[in-house]
Amino acid sequence: MLNQIPLNIFRLALLLLAQILIFSNINFSSFINPYIFPLFILLLPFETPRWVLMLFGMFSGLLLDYFLGSTGMHAAAGLLIGYMRPFLINIITPKGTEFEISPNVYAQGITWFIVYLGITMFIYLTLYFFVEAATFLNFFFMLLKIFLSTVVSVIFMLIFLFLFSSKKKRRFV
Amino acid sequence: MYNLFQFFLRYYLFFLFVSLEIFCFYLIFQNKHYNEVAYMNVANSMSGKVYSTYTGASDYLYLRRFSDSLVDENAKLRAQLLDSKYISKIDSGILRDSTLKNVQQYSFISARVIHNSVNEAANLIYLDRGRLQGVGKQMGVINANGIVGQVVAVTDNYSAVMSVLSKEFKVSAKFKKNEFFGNLHWDGVNSTTASMEDIPKHVPVKVGDTLVTSGFSQLFPRNIMVGRVKTVKMEPDKNFLEITVDLSTNFGSLSYVYVVNNLKKQEILLLDSLAH
């Protein structure tokens, strides 16, 4: 359990740098605005208490806001997915699944991850883009933007996961 | 009382969620109303340092393009020098240096873009120049191709610029050919176009007409390029033309910009207060 703390701190730093220096720096198009930073909240250990998930979601969001100049917006979205995470994991995981200590793409499988990341990122980006635009004008433009950004975010997140996940199946009792 | 306590204990997660969410939205709306306070955060030294370190490294990849654009610009400037103009009359009232000093209204501070975005609803650009180098709030920012934005926050060594690609940004622009002026603002969708407001229907506007700054806003000098008319629509139920403009600045590839320092601004503000 102890080595989870430095692991998650390292992951937070890596995701933050990747987000602000690569994904928020390269302007793909006005329809595609990928965010991989929420992966930090999504990869916290399964046993993390819900209130910790919420606080981490909010404070990691504030950290991103600090760099991107969008005070509070990523915090609100991060808090929401932190609150929803245990709920969602309960729904999408088949009964009797053996859990690793934290979500792992080799343990849970890629299908599980696509569903997991797809749903959370759709919720995250829906809240974020509508709050950012502060209007429901251009509704279909926004929907398309949310959809495309979700797809691209999930693809980049999966690449990140395959690059940085440990293949070895570990058993923590 | 006990029941109430039990109720809160059972749903404490939900109440925690709602109260934290309220706090986040409080931050967001405070940001919307007091932009300067929020932009202060992003112009601060910590995130400024991260961005300028990154830009320092990535600049090496673009050195050739930068030097090309600088050479182009030098060529344009050289063409404007008095030396390169043919003067037909000898001593026909060319301004001497001492008089030039008195008529200069604008000075320019060159700055490097260390962070840029075009896909957000309000796009911010960070520059590596700040208060110590003479940058102040409410100064305009231009580059070789056209207008870029307006300084909204300054720290000692960095500044944040609200780009033209922000819904709150408005600039007074005019048609080069007939001096009719209106407000240019961004429509929030495409990073290459903006729309022009307040042009009455009787004004003859053609696709391809050039728009330049009017100089009324004190942000930019007169006749800085803004863009060209892309489409003109005349709606029967409206009093004004609907014009979309192709912006001349390519916001996706900003590297070096100039901050415009209006030396006569104080005097114009004084005049403004006297007139009202």
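This is a predicted model: local features need pLDDT of at least 70, side-chain atom pairs count only at pLDDT 80 or more; totals for chains, interfaces and linings use all residues.
Visitor: Where should I start with Asn8(A)?

Guide: Start with its place in the chain. Asn8(A) sits in helix α1 of chain A, which covers residues 4–23.

Visitor: Is Asn8(A) buried or exposed?

Guide: Compare its relative accessible area with a cut-off. Buried means under 20%. Asn8(A) has 7%, so Asn8(A) is buried.

Visitor: Which residues is Asn8(A) in contact with, leaving aside neighbours within four places in sequence?

Guide: Phe40(A), Leu43(A), Leu44(A) and Pro45(A) are in contact with Asn8(A) on that basis.

Visitor: With which side chain does the side chain of Asn8(A) make a polar contact?

Guide: With that of Arg11(A), at 2.9 Å.

Visitor: Now Phe28(A). Where is Phe28(A) found?

Guide: In a loop of chain A. That loop runs between α1 and α2, and α2 spans 39–42.

Visitor: Why is Phe28(A) called partly exposed?

Guide: Use the cut-offs again. Partly exposed lies between buried, under 20%, and exposed, over 50%. Phe28(A) has a relative accessible area of 35%, so Phe28(A) is partly exposed.

Visitor: What is Phe28(A) in contact with, beyond its neighbours within four places in sequence?

Guide: Phe23(A), Pro34(A) and Phe156(A), plus Asn119(B) from chain B.

Visitor: How do I read the second largest pocket?

Guide: Take volume, then lining. The space in the second largest pocket is about 550 Å³. Its lining has 22 residues. Nearest its centre lie Asn25(A), Ser58(B), Tyr62(B), Gly252(B) and Leu254(B).

Visitor: Which elements each supply at least two residues of that lining?

Guide: From chain A, α1; from chain B, α4 (45–58), α5 (63–80) and β1 (106–115). The largest share, four residues, is from β1(B).

Visitor: How does the lining of the second largest pocket split by class?

Guide: Into 10 nonpolar, nine polar and three charged residues.

Visitor: How many cavities of 30 Å³ or more does a search of the whole structure find?

Guide: Two. The largest cavity has a volume of about 150 Å³. Its lining has 18 residues, and Phe141(A), Met142(A), Lys145(A), Ala121(B) and Gly188(B) lie nearest its centre.

Visitor: Which elements give two or more residues to the lining of the largest cavity?

Guide: Two helices of chain A do: α6 (110–133) and α7 (139–164). The most comes from α7(A), with three residues.

Visitor: And how do the residues of this lining divide?

Guide: The lining of the largest cavity has eight nonpolar, five polar and five charged residues.

Note on methods
Residues are numbered from 1 along each chain as its sequence is written. Chains are lettered from A and ligands numbered from 1 in the order in which they are written. Side-chain values use heavy atoms; hydrogens and water are left out. Buried means under 20% relative accessible area, exposed over 50%, partly exposed in between (1.4 Å probe, protein chains only). A polar contact is a pair of N or O atoms within 3.5 Å; within protein, one must be able to donate a hydrogen and the other to accept it, and residues adjacent in sequence count only if both atoms are side-chain atoms. Contact means heavy atoms within 4.5 Å. On a 1 Å grid over the protein atoms alone, a cavity is a set of points where a 1.4 Å probe fits but cannot get out, and a pocket is an open set with protein on both sides within 12 Å along at least five of seven lines; lining residues have an atom within 4 Å of a point. Grid points are joined across faces, edges and corners, and a volume is the space filled by probe spheres set on the points. Ala, Val, Leu, Ile, Met, Phe, Trp, Tyr, Cys and Pro count as nonpolar, Asp, Glu, Lys and Arg as charged, and the others, Gly among them, as polar.
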